[in-house]
Amino acid sequence: MAEQMLAALAYLHELSVIHRDVKPSNFLLHEDGRVMLADFGISLRAEDTRLTRTLERLGSLAYAAPELRTGRDVDTASDIYSLGLVLQALLTGQEAPERPGEGLSGSLGSLVVRMVEPRPDDRPSAVECLAFLRGASGGQLHQAVLSGELSMAQKQACLFALTRQLADM
């Protein structure tokens with residue numbers, strides 16, 4: 001499930017979209033086991049990082065990254081932080097964890113700790129998280145997918161292949 005959630009974010013981020021409201025209720029579980037990300041009502045293009053003005057439209061503060069809560073610019077790392085909290089809630093059974101990264105163990109736990117780093121620059125990308133979960137070299141996969149050397153069709157094919165492999169797991 002974690003891999004499908006990350007695959008959804010990786011795809012969005014590849015399209016330069018920031019979701020800004022990643023929370024448990026925005027992941028839909030299909031009867032065949034697929035996980036889908038929903039509710040793009042406050043999403044933005046990565047080039048447009050402005051903060052939504054009203055708190056009603058801000059999204060769920062319980063899962064919001066520190067930069068979103070304090071009115072600083074957001075980017076894809078903000079979605080990573082929020083997904084880290086969602087995964088922590090799934091791992092610990094605590095809804096909206098109050099202490100990000102606390103009480104986790106194992107490889108997924110260590111990944112979540114990295115995802116909820118306070119500084120956005122210290123968080124891995126969605127592609128790097130996927131690579132970590134799959135045991136691949138995050139840096140190499142990240143470069144292959146996001147470098148200018150691949151066409152958009154090749155990048156989409158790579159992400160589609162990742163998603164298919166994850167769905168088969």
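This text walks through the structure above, from its overall build to single residues.

The model is predicted, so local features need pLDDT of at least 70, side-chain atom pairs count only at pLDDT 80 or more, and totals for chains, interfaces and linings use all residues. Residues are numbered from 1 along each chain as its sequence is written, and side-chain values use heavy atoms, with hydrogens and water left out.

Start with the whole chain. It has eight helices and four strands. Both kinds of element are DSSP runs, numbered from the N terminus: helices are H or I with at least four residues, strands are E with at least two. From the N terminus on, the order is α-β-β-β-β-α-α-α-α-α-α-α. The chain has 169 residues, and 43% of them count as buried. Buried means under 20% relative accessible area, exposed means over 50%, and partly exposed lies in between (1.4 Å probe, protein chains only). Now take contacts, meaning heavy atoms within 4.5 Å. Among contacts between residues at least 6 apart in sequence, 56% join residues at least 24 apart.

Which residues of H1 and H4 make the contact? On the H1 side they are Ala 2, Met 5, Leu 6, Leu 9 and His 13. On the H4 side they are Thr 76, Asp 79, Ile 80, Leu 83, Val 86, Leu 87 and Leu 90. By class, the contact has nine nonpolar, two polar and one charged residues. Ala, Val, Leu, Ile, Met, Phe, Trp, Tyr, Cys and Pro count as nonpolar; Asp, Glu, Lys and Arg count as charged; the others, Gly among them, count as polar. An α-helix has 3.6 residues a turn, so residues three or four places apart point the same way.

Stay with H1 for Ala 7, which is found in that helix. At 6% relative accessibility, Ala 7 is buried. Ala 7 and Leu 37 are 30 residues apart in sequence, yet 9.9 Å apart in space, C-alpha to C-alpha.

Cys 129 lies in helix H6. Its relative accessibility is 0%, so Cys 129 counts as buried. Leaving aside neighbours within four places in sequence, Cys 129 is in contact with Leu 6, Leu 111, Met 115 and Pro 124. Buried residues of H6 include Ala 126, Val 127, Leu 130 and Ala 131. Just after H6 comes Gly 135, with a positive phi of about 80 degrees.

Two other residues have a positive phi without being glycine. Ser 16 has a phi of about 65 degrees. Ser 16 sits in the loop between H1 and strand S1 (17–18), and is partly exposed at 21% relative accessible area. Arg 20 has a phi near 70 degrees. Arg 20 is in the loop between S1 and strand S2 (27–29), and is buried at 7%.

Now turn to Pro 118. Is Pro 118 buried or exposed? At 56% relative accessibility, it counts as exposed. Pro 118 is in the loop between helix H5 (106–115) and helix H6 (126–134). Beyond its neighbours within four places in sequence, Pro 118 is in contact with Pro 66, Glu 67 and Arg 123. Pro 118 and Glu 67 are 51 residues apart in sequence, and 8.6 Å apart from C-alpha to C-alpha.

Arg 72 touches Pro 66 and Glu 67 too, not counting residues up to four places away. Arg 72 is in the loop between helix H3 (66–69) and H4, and is partly exposed at 43%.
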